[in-house]
Amino acid sequence: MTGVRLSVAERRAEMLVATVEQIELRGVAAVRIADVAAALGVSNALVLYHFSSKEKLLAAAFEHAARRDLIRLRKLLGRRTSALRRLRAAVRWYAPTGQAKGWRLWIEGWSAALREPTLRAVTRDLDQQWKAALAAVIAEGSAAGEFHCPDPEGAALRLTALLDGLAVQMTAYDAALPRAKARRWTDEALARELGLNPTQPRPREGREELREQPQETRTQNPTPSPTP
């Protein structure tokens with residue numbers, strides 16, 4: 001892309017997309033500033049001019065990849081339908097059996113965050129936003145009498161903890177868990193948290209719900225993009 005004049009925002013976005021691609025290709029620990037620069041045909045100095053350090057570049061890349069997942073989550077949770085339908089759609093999308101989140105990228109990020117304070121702050125903030133968004137709709141549905149959940153924040157934490165754990169198993173170990181079983185466990189966990197009968201048939205989805213099912217891959221290839 002040498003010779004193409006980009007705005008500062010465009011150049012930064014281009015570098016973040018390239019960084020996400022390099023993380024997926026090489027892993028967080030192995031990615032170098034030089035790899036990102038080479039992928040774009042620019043100098044190392046230009047990358048450092050925009051981000052000042054590898055740590056800040058990686059943290060910004062993870063945030064960039066996750067933002068689209070958060071936008072998608074909020075779109076699902078903001079639909080004009082019942083809270084229960086919105087939660088089911090969001091949890092199905094977030095789950096490792098769905099099309100949400102680049103789970104390999106997130107697992108890389110969690111691992112690197114143990115050693116990188118900048119990245120840890122970013123991943124913690126994004127994780128808290130996921131939980132808060134789910135908790136808000138759980139509280140809304142409980143208040144409306146759709147279901148009973150006395151602790152929406154705790155329910156959101158338990159649900160995302162289960163989904164994150166399933167994602168690690170299914171991403172790190174091939175065939176560790178059948179997708180159908182993981183989906184059943186996900187549905188059962190949501191029912192338990194909402195005080196519903198897990199064997200009760202799900203309401204038939206209308207056309208609007210079917211249209212809202214995501215076709216893109218919190219995406220399997222989050223470039224950018226989860227979404228936690």
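This is a predicted model: local features need pLDDT of at least 70, side-chain atom pairs count only at pLDDT 80 or more; totals for chains, interfaces and linings use all residues.

Colleague: How many helices and strands does the protein have?

Modeller: There are 10 helices and 0 strands. Along the sequence the pattern reads α-α-α-α-α-α-α-α-α-α.

Colleague: Let's talk packing. At what angle do α4 and α7 pack?

Modeller: Helix α4 (residues 54-77) packs on helix α7 (residues 117-143) at about 5°. Their axes are 9 Å apart. Angles under 35 degrees count as roughly parallel, and α4 and α7 are therefore roughly parallel to each other.

Colleague: Which residues make that contact?

Modeller: From α4, the list includes Leu 58, Phe 62, Ala 66, Leu 70 and Leu 73. From α7, it includes Val 122, Leu 126, Trp 130, Ala 133 and Val 137.

Colleague: What's the contact of α4 with α7 like by class?

Modeller: It has 14 nonpolar, 2 polar and 6 charged residues. Glu 55, Glu 63, Arg 67, Asp 69 and Arg 74 of α4 are among the contact residues. Asp 125 of α7 is in the contact too.

Colleague: How do the axes of α1 and α4 cross?

Modeller: At roughly 95°, and they come within 9 Å. That makes α1 roughly perpendicular to α4. Contact residues on α1 include Leu 16, Val 17, Val 20 and Ile 23. On α4 they include Leu 57, Ala 61, Phe 62 and Ala 65.

Colleague: How many charged residues in the contact of α1 with α4?

Modeller: None are charged. The contact divides into 11 nonpolar and 2 polar residues. Thr 19 of α1 and His 64 of α4 both take part in it.

Colleague: Which residues of α2 are buried?

Modeller: In helix α2 (residues 33-40), they are Ile 33, Asp 35, Val 36, Ala 37 and Leu 40. Note the Asp in that list.

Colleague: What do the buried residues of α2 pack against?

Modeller: Against α1 (8-26), α3 and α4. After α2 comes Gly 41, with a positive phi near 70°.

Colleague: Which residue other than glycine has a positive phi?

Modeller: Ser 52 is one, with phi near 70°. Ser 52 sits in the loop between α3 (44-51) and α4. Its relative accessible area is 46%, so Ser 52 is partly exposed.

Colleague: New topic, aromatics. How many aromatic pairs are there?

Modeller: The count is 5. One of them is Tyr 94 with Trp 103, an edge-to-face pair. The centres are 5.5 Å apart, with 75° between the planes.

Colleague: Is Tyr 94 buried or exposed? What about Trp 103, buried or exposed?

Modeller: Tyr 94 is buried, at 2% relative accessibility. Trp 103 is buried as well, with a relative accessible area of 2%.

Colleague: Which residues form the aromatic cluster?

Modeller: Trp 93, Tyr 94, Trp 103, Trp 106, Trp 110 and Trp 130. Trp 130 also belongs to the contact of α7 with α4.

Technical notes
Residues are numbered from 1 along each chain as its sequence is written. Side-chain values use heavy atoms; hydrogens and water are left out. Helices (H or I, at least four residues) and strands (E, at least two) are DSSP runs, numbered from the N terminus. Rings of Phe, Tyr and Trp (its six-membered ring) pair if their centres lie within 6.5 Å; planes under 30 degrees apart count as stacked, over 60 as edge-to-face and the rest as tilted. Buried means under 20% relative accessible area, exposed over 50%, partly exposed in between (1.4 Å probe, protein chains only). Axes are lines fitted to C-alpha atoms, for helices over the stretch in contact, and angles run from 0 to 180 degrees between N-to-C directions. Angles under 35 degrees count as roughly parallel, over 145 as roughly antiparallel, 65 to 115 as roughly perpendicular and the rest as oblique. Contact means heavy atoms within 4.5 Å. Ala, Val, Leu, Ile, Met, Phe, Trp, Tyr, Cys and Pro count as nonpolar, Asp, Glu, Lys and Arg as charged, and the others, Gly among them, as polar.
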